[in-house]
Amino acid sequence: MDYRYFTPDEFVADDYFRQWVKQPNESSTLFWHTFLAEHPEQTEAVRLAAEAVINLSAATAGLVALPDGEEEAAIWRAIQARASSVDAPSPFLTKHWGTGWRWFLAAASVMIIVWLGWWTQRNQLIQNPEHISVEKTNNNDKPFLVSLPDGSSVILQKGSQLRFPKQFSAGKRVVHLTGEAFFEVAKDPNNPFFVYANELVTKVLGTSFNIRAYADDKDVVVTVRSGRVSVFHKSDEKQQQEINASTLDGLVITPNQQLVFVRNNRQLPKPEAVSPTIASRVVAFDTTSFQFNATPISEVFNQLEKVYGISVSYNKETLGKCRLTADLTDETLANKMIIICKSIEASYTITNTQLAVSGPGCGF
């Protein structure tokens, strides 16, 4: 590396220089002392750069962890690029370091702000996974299953998008929907579940319902299969306290009811009973679809595949002899599988849209 023409900010961005300033050893000290003896004109630049590195290290001393080699290199490349965007001093200012000193302090402060901002944000994401956003989009013709961190199930329709955190924060489970989806929400009264879809906020404690809220639609439609949900207009400041309460307040929709909200009208209409025609268009709306009475396990798995758009693999010679008697209508997919596996003494794993069930089987 030819350091003869390095500027202070280039020294700061150099990993070998920073290593010498922060953790000098016999080899690096000999190198830099020799360099300064041979190039005394660089003494001031080295001094300024060393002071910037020391100040930067002091400013970041309270961070939880230090970046690894690749991360540090990436950070410093960003710092160098940002510093180079600062207007360079004129030759006169370079010659007279009084003004040059003020310029370099500005550049160094930019470096510190960039690193601290990047590193603080990174650590917040690592320590607070609820800040990490996960986005799922269904670009297929068939419904797409999304499993949420709390065990809730979402059947995402074609052309729809769901955004949610990698981990829900305490006290509130929030997702954002564009398009249409059927929700089976895991019961958790202490952590209400919220769906933000266009202008509406749908709040539940644990139930199953369908929302259609495409960006270009003039309406937002909420249909409840089981349980109760409350609906709010997200811009209604008067209802903010009710929205954040741990109970269901506001406009409540009960099973077999539907609310059709006209987006250009802030007034929420009263929910109406769902007609059979409308009900048939709602995913998994049939309340008897998961009631089983000594039903062969193959039929149970076929029903899961049909409703959730997943593939179930299992040993048909062993598990195929099992039968199930249970009402799984109001259960999430995760709870359905727990009940099924307990009944047939099996276990399961799920990866994306693949469900694998294994067990000794049911002998007769």
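**Close-up views of strands, rings and charges**

**View 1. Val195 in β6 is the bridge partner of Val175.** The model shown is predicted, with residues numbered from 1 along each chain as its sequence is written, and local features need pLDDT of at least 70, whereas side-chain atom pairs count only at pLDDT 80 or more. β5 and strand β6 (residues 193-197) run parallel and are joined by four bridges, where strands count as paired if DSSP finds at least two bridges between them. Strand β5, spanning residues 173-184, has nine of its twelve residues buried (under 20% relative accessible area, with exposed over 50% and partly exposed in between, for a 1.4 Å probe and protein chains only).

**View 2. β5 also has antiparallel pairings with β3, β4 and β8.** Strand β3 (residues 153-156) meets β5 over four bridges, and here Val154 stands opposite Phe183 of β5. Strand β4 (residues 161-165) pairs with β5 over three bridges, with Gln161 facing its bridge partner Thr178 in β5.

**View 3. Aromatic rings form 22 pairs in the structure.** A pair requires ring centres of Phe, Tyr or Trp (its six-membered ring) within 6.5 Å, and planes under 30 degrees apart are called stacked, over 60 edge-to-face and the rest tilted. Phe11 and Phe17 make a tilted pair, with 5.2 Å from centre to centre and 40° between the planes, and both residues are buried. The pair of Phe183 and Phe209 is stacked, because the ring centres are 5.1 Å apart and the planes lie at 10°. This pair links distant parts of the chain, Phe183 in strand β5 and Phe209 in strand β8 being 26 residues apart, and both Phe183 and Phe209 are buried. A single aromatic cluster is formed by Tyr3, Phe6, Phe11, Tyr16, Phe17, Trp20, Phe31, Trp32 and Phe35.

**View 4. Lys316 and Lys336 lie over the faces of aromatic rings.** The criterion places NZ of Lys or CZ of Arg within 6 Å of the ring centre and within 35 degrees of the ring normal. Lys316 sits over Tyr314 at 4.8 Å from the ring centre, and Lys336 sits over Phe290 at 4.5 Å from the ring centre.

**View 5. Three strands build an open sheet of mixed pairing, in the order β15-β18-β17.** The edge strands, each pairing on one side only, are β15 (311-313) and β17 (347-351), and the twist from one strand to the next averages 20° (axes are lines fitted to C-alpha atoms, for helices over the stretch in contact, with angles from 0 to 180 degrees between N-to-C directions). β17 and strand β18 (residues 354-358) pair in the antiparallel sense over five bridges, and Ile350 has Leu355 of β18 as its bridge partner. Helix α11 (residues 333-344) lies across β17 and β18 and runs at about 155° to β17, contact meaning heavy atoms within 4.5 Å. Helices (H or I, at least four residues) and strands (E, at least two) are DSSP runs numbered from the N terminus.

Technical notes:
Heavy atoms only, no water.
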